[in-house]
Amino acid sequence: MVLKEDLLKPLFLGGLAAKIILALFLAPAPQIDWFIPFMDAFWKHPSITPWDYVFQNSAAFPYGITMFVTLLPCTFADFLLAQLFGGGHLSGHGITFTLILADVWLYLLLCLLLPGKYDKILRAYWLSPISLVGIYWVGQLDTIPVCFLFSALLALQQRKAGLSGFLLAAACSAKLSMAAVLPFFLIYLFLTPRLRNVGKDFLLGLTGGMLVLLIAPLFSGGYRMMVLGTPEMLRVFDLHIQMGNLSLYLTPVIYGLGLYFAWRIRRMTFDLFYTILGLSFFLLVFSTPAPPGWYLWLVPFITIFQVNAANARHWRLLFLFSACVSLAQILFWPGAAIPLLGISLHSFFPDITRAMPVQLHSIWISGLFFLGAVVYLSMLRENVYRSKAYITWRRPMGIAVAGDSGTGKDRLARTLAGMFGQESIAHISGDDYHLWDRFGVMWQSFTHLHPGANNLQQFAKDVTDMFCNKSIACREYDHATGRFNPPLMRHGNDVIIVSGLHSLMNKSLRDKYDISIYLDMDETLRRWFKCRRDCLERGHELEKVLASIERRMSDAEQFIHPQRDHADIIFSLYPVTQLHMGTFDAGSLQLGLHAELRGAHFSSMLVRHLTGLCGMRVDVRFTEDLDTITLTIEGELVREDTAFIASRLFPDILELLALQPRWAGGMDGVMQLIVLSYFTDKLESKQL
Amino acid sequence: MRDMPRQLMLPRAVIFDLDNTLYPYPPSHDAGMNAVAEKLLRDYGITPAIFLECFSRARNEIKSRLGSTASSHSRLLYFMRTLELLGFKSQPLLALDLEQSYWRNFLKAAELFPGVIPLFEFLKTSGISIAIVTDLTAQIQLRKLVYFNLDKFIDCIVTSEEAGTDKPGLVPFTLALEKLNLPASEIWAVGDDEKADMQPALHLSLFSVYKASDGTAAPSGVALQFRHFAELNSYLEKLKNHL
């Protein structure tokens, strides 16, 4: 609806009118020399292998099937009009009107990729000098493959991976050099754990598309000559350093470094992915004596950078860069003729430039290169180094969950793992570091809560190793049998969850965690839960469980409770309804939650949503030093509410979570939202 | 923006209707009803057509029994009676569950009209009080205000539950005037309903401002009408700059 209104804005309509006028009056050189004769020959002698026509110039149409098919409708209309009214030859307006449609198509794609930023996109893209000069003055067709590339990106954003793969094949078919983006797609899809399944669908679509659009036409000799034999393919070897008889080709090296950079980042969000893609295009275009069409590849990326620009200075810098690039296109490349006036300006500006001293050319090109480098570095800083995903995944994110026995540490760890996605989680449980299994005689003297009953040194070493991306061999304590399973290798991951009785005991470990959570619980409720778990799930006798709780009390006070002071978040569940020990029916149990948040900004929106949307009761209190916020929450929350609130309040970090997060209802869901809120807050402060 | 009266002064307070004036009501209501219909189909095998028929009957019965009162809009009462008509007799837990499902999904689909927040910000920075006069029960109307993040702007709220009668009864408006403690001639009333909002405003000599939607004609006697809140905002800004 809003987009429709934007299409009726004077700026859009004025720009469109200007483009139509340019298309009607200008006849760019490559179109007159190459593309128009090619399409003209096709319509006069239709064939399924149009490249097989013999042309004097083998560079007449160095494009593939999709480019050709895209040009068909408008050139057919042009052909019909030429047959009816003209001298039987194409006027060329069929091609230029196809380019106008591609221009509008790309504008709409950008609007769909960056919803809600229509006004900025209109100002940045629609009157982009590079686009105006490249399409209407120099007459390049590259907007069409760029449209296919951005259609592939949009499909990927909408999780239509198969379609995205097919569209990328279509982009490569339109212009073979587009294949340079393929490795970046593969890195994004296969090194980001949450996207691996999506990647398989993408590969299927890509393979199908390539078979039809890229492999099949290879049987045409003309296609092989024009598309594979285009001189553009060899431009990647132009930039080199001569070393005796050998040459060091710089463009492949720079491209390789771009790929290596993307591979090192590994886990990317969609925003980060297309930023890296745009920056790689920058490198590619600036490391070759790129033909003017390649600059059109940069336009949508420059638009995105402008739209996301942190301040007006970046916007102006990008505009200055665009203006300089378009001026270079006018000065160095053949321009257009104005057939209506009988004027040809094909070589007007290049002739003037050629008349100037060659040093001036070099100074101009050096200046442009310098400006491009400034833009590149500025974009790298603003869009990569300050990106939430980049900051988050530079090192694994650590979440520690500590608390007394029976307070729900494992349950919270599972809840958080469901949110971040099992494929992104490495979990270390303190239970695996008990010195003895359940049948060990030493338990007569020790409780599990005593540090001496746990191999805390190994625990600390393993946690540290995991944060350093090293693998560890760790045995697993089986609560059902009371025995340890044989050691298994465990590997680091994006999120490391460390749960256990002593997770927050060691200062050096605490420093590694991004979020430290301590689970407290109303004592009656804790006993009820523990008795329920140990009796029903682990088959213990109620009296023995109660005796064990009593025996552990002093150790809990001495070794567990002090960890509370080191937590960022303290969750404490309490019963809203009356509890009866011995009856373990949780059906009618209603829980409330106290949450203490230290060093976080107060998220009033979370409270508003819990109160307004879900009708929950939320009491908010601040401590005297304003450093701690206490929330007391009661009421019902269903998992759909959790999902809705998360998407509403934390849209920027959803891509850091599982592809389909397992949201929880009840107080588990509230805990997920609070952790997410704290995580967002932490991320913001890291960015500063 | 039409019918601009000349030599108008800035108001000292503006009374807004809530439902369908500050946000579009029908899509939210549809979302709420769909959620309830889906739940009844999934859990009890009741088809949407049967549910809607019973719901319509239940609502008509309750409205005719209770007249122009806040509780005549109560979704809880509607769903209780709907379940009875469906042959379930009294089902307190299910009725409460359906009511919650309705309002949650209603709110999830609810979006303020564009320009409401900037207008409210302008009114507050200009020292103009904001009041809400609305039908329905206080609990859900207050939840809506909290959810929309509008409560921080509001100086006075009157619901028909508090007033004892629905609009177009005059009591909700006179109650608001009492709370605002300002003369009626200095207060604007903004609403989308000719009968419920504009007629009482004219009767009490409030400056009536009609929120028009596509295809609706301006009622007679209305002082000012607008379609988008940005228009009302710029009109008020112009008034302020001319002072």
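In this predicted model, the largest nonpolar core holds 230 residues. The residues with the most contacts inside this core are A:Phe61, A:Phe150, A:Phe571, A:Ile674, B:Phe16 and B:Trp188. Helix H14 of chain A, residues 270-286, supplies the largest share of the core, 12 residues. Another core of 25 residues lies apart from it, and includes A:Phe459, A:Leu501, A:Tyr518 and A:Ile560.

A:Phe150 shows what the surroundings of one of these residues look like. Neighbours within four places in sequence set aside, A:Phe150 is in contact with A:Leu106, A:Leu109, A:Leu110 and A:Leu113, and also with A:Pro300, A:Phe301 and A:Ile304.

Chain B contains 10 helices and 6 strands. Its radius of gyration is 19 Å, close to the 18 Å from the globule rule for 243 residues, so chain B is as compact as a globular protein of that length. Further values for chain B are tabulated below.

| Property of chain B | Value |
|---|---|
| Span of the C-alpha trace along its principal axes | about 65 × 35 × 30 Å |
| Accessible surface | about 11,100 Å² |
| Distance between the mean positions of positive and negative charges | 1 Å |

Of the accessible surface of chain B, 53% belongs to carbon and sulfur atoms. The charges of chain B number 25 positive and 28 negative. Buried residues account for 49% of the 243 residues in chain B. Where chain B has contacts between residues at least 6 apart in sequence, 65% of these contacts join residues at least 24 apart.

Technical notes
Residues numbered from 1 in each chain as written. Chains lettered and ligands numbered in written order. Predicted model: local features only at pLDDT ≥ 70, side-chain atom pairs only at ≥ 80, totals over all residues. Heavy atoms only, no water. Helix = DSSP H or I, 4+ residues; strand = E, 2+ residues; numbered from the N terminus. Rg over C-alpha atoms; globule rule 2.2 N^0.38 Å. Buried < 20%, exposed > 50% of the residue type's maximum accessible area, 1.4 Å probe, protein only. Contact = heavy atoms within 4.5 Å. Areas by Shrake-Rupley, 256 points an atom, 1.4 Å probe, with all protein chains shown as cover. Lys, Arg positive; Asp, Glu negative; His and termini not counted. Charge placed at Lys NZ, Arg CZ, Asp CG, Glu CD. Core = buried A, V, L, I, M, F, W, Y, C linked by side-chain atoms within 4.5 Å.
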